[in-house]
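User: I would like to learn how to read a few features of a protein model. Please take them one at a time, with the general idea before the case.

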Amino acid sequence: WGGVGSRVVGVTIRHKGSRRSAHDLTVAVKMRTLTKHASFRVVEMPERVGVGHVQVTPLMREYVNDVLDSGWLSPGKWCARFEKEWAALHGRRYAVFMNSGTSALHVAVAALKEKHGWQTGDKIVIPAVTFVATANVVLQNSLKPVFVDVDPYYGMDISGPPPPDTVAVMPVHVNGQQADMEHIMAWADLHGLAVIEDSCECVGAAYRGHMSHGDISCYSTYSAHHVTTGVGGLACTDDPDIAALLRSVANHGRDGIFFDASAPTEQLVARRFRFERQGYSYRSSEFEAAVGCAQLPGLATELRRRRDIADFFAETLSDLPLVLPRTRPGADWWPMFYPVLTPRREELSIHLEEHGVETRPFLPLTCQPVYRHLVHQDDFLAAKRVNEQGLYWGCHPGMSDGDLSRIDALVHQFFRR
């Protein structure tokens, strides 16, 4: 099919002599000749509508060229600027830019484990609907995920006391709107738990006036996210000690003096190659930071377009047997994609894909083979329904009004047949 936005040729082939009169195969191919045993017609297929989009702007080219002109590619002024602007956007004092949102989450758990002295096997509560990285980073830090079901807005639904040895809760802000953080923060405070927000799918969205709440909030700038730098992620906090830990763990466990531009030369020389903990090589580069900085001035407009697209689908698909997404009261919603639930998930997905619309399953977690020893999906009925019925397609500024009308028509066509 080629890359996003490419045009393809659809060739319908009817085999002569076949006993099946409807034996038509539509394929997307490049071909110079067809054999004399086939009759054919060539039709042009519409451009593929992907789940993600990035607009390469003159400002982005200017910033990336500045990186090239500087000759400095490893973290420098652009990374520092991106961190500062991202922290300000989300009401945080500090941000640490890394190579992925998964890395940000991994480092966040590691930093709090060191700070609070968590022990191997201690537990972190996570929702049963999320990307696999949420569970993986808990396990990779030798801790145990405790799954809870989700509410109608796909945020975690918690009540009652946590199990013994629980040290933290990791709410996930699915698809551009926050979980019920007012309730979650009160619950965490009652039980003395740290809070790590997985905000990888939620940029610039407030809940009851607050952009972020926990000890650390983590974001992703991977492809198809609200801001895309190709690869990238950030961990944000208001605590200077946690910020120093995050930066150290993401940089091989280096002594913090390595990042202190004001440090006396004697101390810098003595300590800059000292490592205080086991860390990781999770740094990003000036290129990704420059690309990210170029997208922030237009972010508000792009977020509004995402919501307008979601509102379009909410109106036009309301007559169909689909469960459509809802907005939590008091929450901004800037969707990253448009999810629906239907018992005919596989058929609808195939129908859309065959007509040039990219789809994905909607964050199935508790049914994944890798977690069979940890969780049974039958214990989480809301999540199980998402596993079995959920899919999504794009909801981004790269989609034209024509793309929206085409998806609407395709979905209606599917349910009429």
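User: How many bridges join β12 to β13, and do they run parallel or antiparallel?

Analyst: Strands of a sheet pair through backbone hydrogen bonds, in either a parallel or an antiparallel manner. In this predicted model, β12 and β13 run antiparallel and are joined by 2 bridges. Arg360 has Tyr392 of β13 as its bridge partner.

User: What is the strand order of the open sheet that holds β13?

Analyst: The order is β11-β13-β12, an open sheet of 3 strands with antiparallel pairing. β11 and β12 (360–361) stand at the edges with a single partner strand each, so one side of each has no neighbour in the sheet.

User: Which helices lie on these strands, and at what angle to β13?

Analyst: α10 lies across β12 and β13, and runs at about 20° to β13. α11 packs on the sheet through β11 and β13, and its direction makes about 60° with that of β13.

User: Which residues of helix α11 are buried, and what covers them?

Analyst: In an α-helix there are 3.6 residues a turn, so residues three or four places apart point the same way. In α11 (residues 381–389), the buried residues are Ala383, Val386, Asn387 and Gln389. Their cover includes β11 (337–341), α10 (345–354) and β13 (390–394).

User: How does a parallel pair look here; how many bridges join β5 to β6?

Analyst: Strand β5 (residues 123–127) runs parallel to β6, and 5 bridges join the two. Val125 stands opposite Val146 in β6. As for cover, β6 (residues 144–148) has 4 of its 5 residues buried.

User: Which residues have the most contacts inside the largest nonpolar core?

Analyst: They are Trp118, Ile124, Met170, Leu246 and Phe362, in a core of 52 residues. Helix α3 supplies the largest share of this core, with 8 residues. Another core, of 27 residues, lies apart from it and includes Trp78, Ala87, Cys236 and Ala289.

User: What is Met170 in contact with, beyond its neighbours within four places in sequence?

Analyst: Among its contacts are Leu105, Val109, Ile124, Val125, Ile126, Met156 and Ile196. The list also holds Thr134 and Asp198.

User: Is Ser103 buried or exposed, and where is it found?

Analyst: Ser103 is found in helix α3 (residues 101–116). Buried means under 20% relative accessible area. Ser103 has a relative accessible area of 6%, so it counts as buried. Leaving out residues up to four places away in sequence, Ser103 touches Met98 and Tyr282.

User: How many helices and strands are there, and what do the totals say about burial and contacts?

Analyst: The protein has 12 helices and 13 strands. Of its 417 residues, 51% count as buried. Among contacts with a separation of 6 or more, 70% are between residues 24 or more positions apart. The protein exposes about 19700 Å², and carbon and sulfur atoms supply 52% of that area.

User: Where does pLDDT stay under 50, and what is the average for the protein?

Analyst: Where pLDDT is low, the predicted coordinates should not be read in detail. The stretch under 50 here is residues 1–38, for which the model has 60 contacts beyond four places in sequence. The protein averages a pLDDT of 90, and 89% of the residues score at least 70.

Notes:
Residues are numbered from 1 along each chain as its sequence is written. This is a predicted model: local features need pLDDT of at least 70, side-chain atom pairs count only at pLDDT 80 or more; totals for chains, interfaces and linings use all residues. Side-chain values use heavy atoms; hydrogens and water are left out. Buried means under 20% relative accessible area, exposed over 50%, partly exposed in between (1.4 Å probe, protein chains only). Contact means heavy atoms within 4.5 Å. pLDDT is the predictor's confidence in each residue, from 0 to 100. A nonpolar core is a set of buried Ala, Val, Leu, Ile, Met, Phe, Trp, Tyr and Cys residues joined through side-chain atoms within 4.5 Å. Two strands pair if DSSP finds at least two bridges between them. Axes are lines fitted to C-alpha atoms, for helices over the stretch in contact, and angles run from 0 to 180 degrees between N-to-C directions. Accessible areas come from the Shrake-Rupley method with a 1.4 Å probe; for residues, only the protein chains shown count as cover.
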